[in-house]
Amino acid sequence: MNRRFVVATALVLLLVASSGCLTYLNDGGEVGNETLDAEPPMEYEFDADRDATFELSTGNQYTAVYDVSDVEELRLYRQTPYMGDQPLEFEAFRYRTADGEVLNGSEFRARGGEVDRTPDETWVRFPDDMDDGHVAFSSAGSPRRFTTLAYVDGSYAVTLPSGFSTDFPVVGHVSPRDHEIETVDGRDRITWESVEGGSVVVQSYRETDLLVFGVILAVALVAAVVGTAYFRRQLEALREQRRELGLDVDDEE
């Protein structure tokens with residue numbers, strides 16, 4: 001039995017080790033130019049007055065724009081509870097120079113920039129002659145539960161899709177809490193003056209979802225009341241049967 005246990009343990013360790021090697025081989029290296037050069041789902045907000053700006057959409061995609069002035073490299077990753085750090089996957093990479101020229105991924109690399117992926121993160125490295133620029137890309141994310149790490153320090157802004165809100169506390173949540181909400185062109189815009197480290201979380205809902213949520217809650221309450229009444233009737237019927245059989249019944253039990 002012990003020998004079998006040792007052999008099984010060795011096989012598991014071998015599989016884990018080989019899996020790690022395969023992950024490195026598959027996920028390491030440069031991100032393909034066809035991915036970086038893809039067309040963004042919406043126009044990037046390069047002129048925003050924030051260090052990090054996010055535009056959420058109902059198509060489960062979001063765009064991100066970062067002010068990377070005086071930043072030599074950008075480490076993009078996401079944290080998972082069981083797999084550790086994982087590289088952030090994105091597409092439609094753009095870099096806007098200080099003079100307003102917008103470069104796609106291929107052009108960014110041709111100027112000396114780098115976009116590399118490892119099993120743990122995606123690195124964006126800037127050449128020495130690229131200062132005061134902005135990085136933009138598109139990635140997968142839902143407005144109902146949007147979360148991102150604070151890859152740069154400074155002011156942040158998250159714009160929700162039209163018809164979405166965070167006002168109702170049960171289904172709406174925003175973190176960090178020191179934020180403000182304003183309406184811009186019919187869309188809620190959540191802003192933070194300073195975010196340093198940690199993460200930004202926005203849990204929103206479509207305003208029409210509240211009606212569905214209310215109906216579900218009402219049905220649950222009715223089911224609870226009916227179930228309680230049925231249980232009490234069954235209990236009273238059982239007590240009555242015990243009385244008819246001449247058995248002792250303690251009404252307080």
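**Strand S2 and its surroundings in a predicted model**

In this predicted model, strand S2 and strand S3 (residues 61–67) are paired in the antiparallel sense over five bridges.

Trainee: Which residue of S3 is the bridge partner of Glu 55?
Mentor: S2 and S3 pair in the antiparallel sense, and the hairpin they form has four residues between the strands, where Asn 60 takes a positive phi near 60°. Within S3, the bridge partner of Glu 55 is Thr 63.

Trainee: Which residue of S12 is the bridge partner of Thr 53?
Mentor: S2 is also joined to strand S12 (residues 154–159) by four bridges, and these two strands run parallel. Within S12, the bridge partner of Thr 53 is Ala 157.

Trainee: How many of the five residues of strand S2 are buried?
Mentor: On one side Ala 52, Phe 54 and Leu 56 are buried, and on the other Thr 53 and Glu 55 are buried, which leaves both faces covered. S2 (residues 52–56) is therefore largely enclosed by the rest of the structure, the number of its buried residues being five of the five.

Trainee: Is Ser 204 buried or exposed?
Mentor: Ser 204 lies in the loop between strand S17 (199–203) and strand S18 (205–206), and a polar atom of its side chain lies 2.4 Å from the backbone oxygen of Pro 143. Residues that Ser 204 touches include Leu 160, Phe 164 and Val 171. Because its relative accessible area is 4%, and the cut-off is under 20%, Ser 204 counts as buried.

Terms used
Residues numbered from 1 in each chain as written. Predicted model: local features only at pLDDT ≥ 70, side-chain atom pairs only at ≥ 80, totals over all residues. Heavy atoms only, no water. Buried < 20%, exposed > 50% of the residue type's maximum accessible area, 1.4 Å probe, protein only. Polar contact = N/O pair within 3.5 Å; in protein donor to acceptor, adjacent residues only side chain to side chain. Contact = heavy atoms within 4.5 Å. Pairing = 2+ DSSP bridges. Lists of a residue's contacts leave out its neighbours within four places in sequence.
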